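Hello,

Here is the structure I promised to hand over. Please open it first; my notes follow below.

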Amino acid sequence: MKEHETIVQLSIPADAQFIDIARLTLYGLAAKMGFSYEEIEDMKVAVSEACNNAVLHAYNGAGGVIHLRFEISTDALSIIIKDQGKGFDYKRAAKQAAPLSTKPLEDVKVGGLGLFLMEALMDDVTVSTKGGTEVRLTKFRPRGEGEHAHDSISPSSVQEQA
């Protein structure tokens with residue numbers, strides 16, 4: 001753990017009906033950090049995509065667990081979504097799916113665009129497929145005018161309360 005960082009962890013069943021719990025947790029933390037409504041909605045979509053991938057592909061319907069780790073630092077919120085299911089070849093999938101603009105519409109496959117959506121919505125996205133799949137989504141904190149400074153949480157405010 002980095003200095004001046006707060007960690008919140010959550011584990012949910014790999015079942016679609018529990019993804020809203022991940023979204024609600026994200027909403028609470030991001031709102032306290034001062035992210036705008038639009039930024040929070042973007043993050044919620046990205047987290048939903050990552051969790052949906054785990055539900056649909058990691059465990060082949062045999063159940064399992066999705067682990068979420070929210071890392072709150074002074075300049076960013078990182079959300080790590082991890083499963084212990086079967087991984088996939090991310091580099092090969094990315095190569096096959098991009099660029100879409102050069103393909104005729106009838107050749108575009110349905111699905112598989114979740115990772116690209118996450119990349120469009122977040123400031124940084126990394127994927128590791130060793131021992132399951134881990135998706136790390138990062139959104140940097142707003143600075144300056146328009147920042148919601150009231151009731152904001154920061155790593156130091158959490159440590160002061162302890």
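In which sense do E4 and strand E5 pair, and over how many bridges? E4 and E5 (residues 133–140) are antiparallel, with 5 bridges. Strands count as paired if DSSP finds at least two bridges between them. Within this pair, aspartate 124 has threonine 138 of E5 as its bridge partner.

Before going on, note that this is a predicted model, where local features need pLDDT of at least 70, side-chain atom pairs count only at pLDDT 80 or more, and totals for chains, interfaces and linings use all residues. Residues are numbered from 1 along each chain as its sequence is written, and side-chain values use heavy atoms, with hydrogens and water left out.

The sheet: it is open, has 5 strands and runs E1-E2-E3-E5-E4, with antiparallel pairing. Strand E1 (6–13) and strand E4 (124–128) are at the edges with a single partner strand each, so one side of each lacks a neighbour in the sheet. From one strand to the next, the twist averages 15°. Strands (E, at least two residues) and helices (H or I, at least four) are DSSP runs, numbered from the N terminus.

The helices: H1 (residues 19–33) packs against H2 (residues 37–58) at about 150°, with axes 9 Å apart. Axes are lines fitted to C-alpha atoms, for helices over the stretch in contact, and angles run from 0 to 180 degrees between N-to-C directions. H1 and H2 are therefore roughly antiparallel (over 145 degrees). The contact (heavy atoms within 4.5 Å) includes Leu26 and Tyr27 of H1 and Met43 and Val47 of H2.

Best wishes

Conventions:
Parallel < 35°, antiparallel > 145°, perpendicular 65-115°, else oblique.
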